[in-house]
Amino acid sequence: MGVHHELDELLANPECHAILVNALGEYRSLLHRNADDFADEFELAHIERSVAHIDALDDVFERWP
């Protein structure tokens, strides 16, 4: 079984799907806290890119069958 098929099966399970969605939300919150507390210019750029990736993943997970 290929990894893409395994991912399809895992995301079809509502519990697995919820785990990933919640983990993304927690990671987004952590990044924002770090940005507010002690991020420099370089870290802020990294945080912005990471949040954009999280947003893209959230979008995909919302539309996942």
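Modeller: Arg63 counts as exposed, at 59% relative accessibility, where exposed means over 50% relative accessible area, buried under 20% and partly exposed in between, with a 1.4 Å probe and protein chains only. This is a predicted model, in which local features need pLDDT of at least 70 and side-chain atom pairs count only at pLDDT 80 or more, while totals for chains, interfaces and linings use all residues. Residues are numbered from 1 along each chain as its sequence is written, and side-chain values use heavy atoms, with hydrogens and water left out.

The side chain of Arg63 meets that of Asp59 in a salt bridge at 3.0 Å, N to O, the term requiring a side-chain nitrogen of Lys or Arg within 4 Å of a carboxyl oxygen of Asp or Glu. Arg63 and Asp59 are 4 residues apart in helix H3, and so are separated by about one helical turn; helices here are DSSP runs of H or I with at least four residues, numbered from the N terminus. Asp59 itself is partly exposed, with a relative accessible area of 37%.

A search of the whole structure finds 3 salt bridges. Another of them joins the side chains of Asp55 and Arg28 at 2.7 Å, N to O, and this pair links distant parts of the chain, with Asp55 in helix H3 (residues 41-63) and Arg28 in helix H2, 27 residues apart. Asp55 is partly exposed at 39%. Arg28 also meets Asp58 in a salt bridge at 2.6 Å, N to O, and Asp58 is buried, with a relative accessible area of 15%.

How values were computed
Helix = DSSP H or I, 4+ residues; strand = E, 2+ residues; numbered from the N terminus.
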